[in-house]
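Here is a short briefing on one structure. It covers a sheet, a loop residue and a helix.

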Amino acid sequence: MKNTDCTSKTRLLGIDIGTSACKTALFDIRGNIAASASEGYPLRRPAPGFAEQDPEDWWRAVCLTVRRCIEESGTDPTDIAGIGVDGHSWSAIAMAGDRVLCPDPIWMDVRSAEICDRMPAELKERLFSVSGNPLTANYVTGKLLWYRENLPDVWKKTEYLLSSEGYINYRLTGSITWCRGEGYGIHCYDIAKGVWDRSVCADLGLRTDILPELFDGCDVIGRVTKEAAAATGLSAGTPVVAGTVDSAAAALGAGVVRPGETQEQGGQSGGMSICEEGPYADPRLILCSHAVPGLWLLQGGTVGGGGVIKWASEQFGRYEAERASVSGLSVPAQFDIEAEKAPPGSDGLIFLPYMAGERTPVWDPDARGVFFGIDYSKTRAHFLRAAMEGVAYSLLHNLETAAESGAKITELRSTGGSANSRFWTQMKCDMTGIPVSVPNSDNGANLGSAILAGVGTGVFASFEEAVAATVREKRRHEPAPGMKEFYRAGYLKYLEIYKRLKDLMRL
């Protein structure tokens, strides 16, 4: 339902609960950033296969970043028409009242791998037919099964389940909700109808009473409470929409609202989202409901994206970090300059970016990162370039898999931190042979969430109007002649290296 009382207001707030940090941005109704802020939080790995966070850390970061945006921009909080929140996928936050019962296993957590592996093939086929997604340990379903087997007290006490953005929405409004963009994480979500199929839960032996009501991303699900207003600096009564998963928000923020348009994700993780007019599933990929009702996203989701360069910066970027204040360049920007010294193809050095297992299209929680082809001639530049090329190869692997399924891809719209690298973006363009457009906003997911708030509160009459008003092209890359063919040999070797090593990775 639209809230036309908000149409005269001039600000929209987008909150992105990322894997490593909360990023908040305040926009005007033309998509220009009035202020942005980021606040990090820890990722804990208490055991092999575990990757968990404390949702309270997210809320603390939300409070800090929202206050900073309001103060930095000098915005009157009453001028904020609406708030949209997106979050990283496949969280399983077990709640009792207002209490989180255990740390949240996030998207890269694969503790339930053994449980998922022993599921009967017939049941897996049924789950795929309903949800459009394969049963793997990354999804929420496996985590719920793990709770049932390993944390019976938590399982018994759980009153309702929340996603990452659902938790922040709850803290803002007190409403218990689940957005359709996050529905695909639980295999009882009927991807075609957008409803819970509770018979599938019964087949899995999962409780249905803990599943919240489903909402479209632009639905207003509540308003900021007095308690949340005091904590964040927002105005009590500000509308909050249901929001969506971060990848769908980023796709919307890149202007992907028509079939065939494709967003390339270059944040902590990597991947792509192809807009589809129907729920066309492929077991090698991910299918989710788009933030735009009536559309779907066929996705590739990888663990290796900007996180590879972040890891390299932390482990090998001390020199660049010390020079940053003098050069005025960030560590990744300095890495670009260094990597460009190595030739395309890195003289045969190939990197597998499987730094925490891998999702699409191999679905292998045991996959590990590999540098292949090291000899005395290889320099630091070779390693940096090979790392970037490895991430680009993983993107190509997903795009080719989608093309085999019949997806039509005409243009990539690159978002996330790595989109700021002209060098890396051109590399992806050359390797895939697909033109790449870089939208004006560096905060694609934030903008997508703000657009959801704008549509939900009546600031925009439609998603098409919202995208036309807020999304503009900052720069464009065209494939260099002959480079797609040049990279083909390295890409085929990249695929063969994993094929030959994957069994060893399990030992």
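Two strands pair if DSSP finds at least two bridges between them. Helices (H or I, at least four residues) and strands (E, at least two) are DSSP runs, numbered from the N terminus. This is a predicted model: local features need pLDDT of at least 70, side-chain atom pairs count only at pLDDT 80 or more, and totals for chains, interfaces and linings use all residues. Residues are numbered from 1 along each chain as its sequence is written, and side-chain values use heavy atoms, with hydrogens and water left out.

**Sheet**
- Methionine 95 stands opposite tyrosine 160 in E9.
- Strand E6 (residues 93-96) pairs with E9 in the antiparallel sense, over three bridges.
- The open sheet has three strands in the order E7-E6-E9, with antiparallel pairing.
- E7 (99-100) and E9 (160-162) are the edge strands; each has a single partner strand, so one side of each lacks a neighbour in the sheet.

**Threonine 238**
- Threonine 238 lies in the loop between helix H8 (226-232) and strand E15 (239-241).
- Threonine 238 is buried, with a relative accessible area of 5%. Buried means under 20% relative accessible area, exposed over 50%, partly exposed in between (1.4 Å probe, protein chains only).
- Leaving aside neighbours within four places in sequence, threonine 238 is in contact with residues including Pro77, Ile80 and Arg223. Contact means heavy atoms within 4.5 Å.
- A polar atom of the threonine 238 side chain lies 2.7 Å from the backbone oxygen of serine 235.

**Helix H9**
- H9 (residues 246-253) is mostly covered, with seven of its eight residues buried.
- Among the buried residues are Ser247, Leu252 and Gly253.
- Glycine 255 follows H9 and has a positive phi, near 85°.

Methods
Polar contact = N/O pair within 3.5 Å; in protein donor to acceptor, adjacent residues only side chain to side chain.
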